[in-house]
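Dear colleague,

I am passing on the structure below, together with notes on what was found in it. Please read the notes with the coordinates open beside them.

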Amino acid sequence: MRLHWSPRSPFVRKVMVAAHELGCADALVLQRSVAAMLAPNAAIMADNPLSKIPTLVLDDGRVLYDSRVICEYLDARYAPGTLFPADGPARWRALADQALGDGLLDLLVLWRNERERAIPLAPLLDAFATKLDAALARLDGEAARLAASPFDIGQLALGCALGYLDYRFAALGWRARAPALAAWHAAIAQRPAFLATEPADG
Ligand SMILES: N[C@@H](CCC(=O)N[C@@H](CS)C(=O)NCC(=O)O)C(=O)O
């Protein structure tokens with residue numbers, strides 16, 4: 001399987017953490033791909049018309065995107081139910097946590113794009129900050145629940161979102177605002193799958 005990959009992308013990191021957790025990282029051939037909103041990449045678009053990563057090309061030529069679909073595919077293929085609970089409240093909790101982690105990442109990627117513009121739109125930056133504060137407060141209140149639950153796709157996505165905050169928004173100092181969440185994150189960041197996939201420039 002060939003994965004359009006970058007060491008900087010938090011959505012690619014979701015897939016790589018999942019692959020390590022599921023024991024199938026060696027089955028992925030990594031193709032370094034640069035995805036930027038303002039520069040559609042023909043090599044990615046040959047497989048994904050949206051020019052987004054992660055994009056996974058299976059050995060039989062079928063193509064999967066986005067990170068949610070790829071993670072669920074790897075789970076179903078290599079260790080069913082490990083990251084995606086099969087049914088019931090645990091499944092919906094995990095999927096909702098994943099949606100919050102992914103949504104936070106969408107917000108942070110847009111925020112980073114906006115702040116790098118010559119004249120950022122101030123109300124947009126304020127709105128991003130307001131939503132981040134609310135998400136951190138919500139998650140800080142749920143840290144005990146996260147710590148008491150088995151590791152799943154929701155925790156994986158939230159871990160990648162908090163890792164991206166450290167990587168691209170270190171100056172925000174999110175831990176001071178969410179100490180219980182910070183303690184939960186410190187624990188999951190020690191999982192081998194997270195240690196093996198730290199974001200890196202290059
Ligand atoms: N919902 C997608 C989001 C993927 C995404 O936004 N990836 C970024 C890189 S971190 C990208 O490819 N951006 C290029 C673009 O938006 O054109 C997923 O979960 O995979």
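What is the handedness of the crossing of α1 and α7? The crossing is right-handed, a term used when the near helix is turned clockwise from the far one by less than a right angle.

Before going further, please note that this is a predicted model, in which local features need pLDDT of at least 70 and side-chain atom pairs count only at pLDDT 80 or more, while totals for chains, interfaces and linings use all residues. Residues are numbered from 1 along each chain as its sequence is written, and side-chain values use heavy atoms, with hydrogens and water left out.

The helix packing comes first. Helices here are DSSP runs of H or I with at least four residues, strands are runs of E with at least two, and both are numbered from the N terminus. The axes of α1 (residues 10-22) and α7 (residues 153-168) come within 9 Å and cross at roughly 135 degrees, the axes being lines fitted to C-alpha atoms over the stretch in contact, with angles from 0 to 180 degrees between N-to-C directions. That makes α1 oblique to α7, oblique being what remains once angles under 35 degrees (roughly parallel), over 145 (roughly antiparallel) and 65 to 115 (roughly perpendicular) are set aside. In contact terms (heavy atoms within 4.5 Å), Pro10, Arg13, Lys14, Val17 and Ala18 of α1 meet Leu156, Ala157, Cys160, Gly163 and Tyr164 of α7.

Helix α1 also packs on α4 (residues 89-115), where the axes come within 10 Å and cross at roughly 150 degrees; here Pro10, Phe11 and Lys14 of α1 meet Gln98, Asp102, Leu105, Asp106 and Val109 of α4.

In helix α5 (residues 122-141) lies Leu132, which counts as buried because its relative accessibility is 1%, the limit for buried being under 20%. Leaving aside residues up to four places away in sequence, Leu132 touches Leu104, Leu107, Trp111, Leu165 and Leu172.

The bond from Ile53 to Pro54 is cis, with omega near 5 degrees, and Pro54 sits in the loop between α2 (42-45) and β3 (55-57). Ser51, placed in the loop between α2 and β3, has a positive phi near 60 degrees and is buried at 8% relative accessible area. A cis peptide bond also joins Tyr65 and Asp66, with omega about 5 degrees.

Terms used: Buried < 20%, exposed > 50% of the residue type's maximum accessible area, 1.4 Å probe, protein only.
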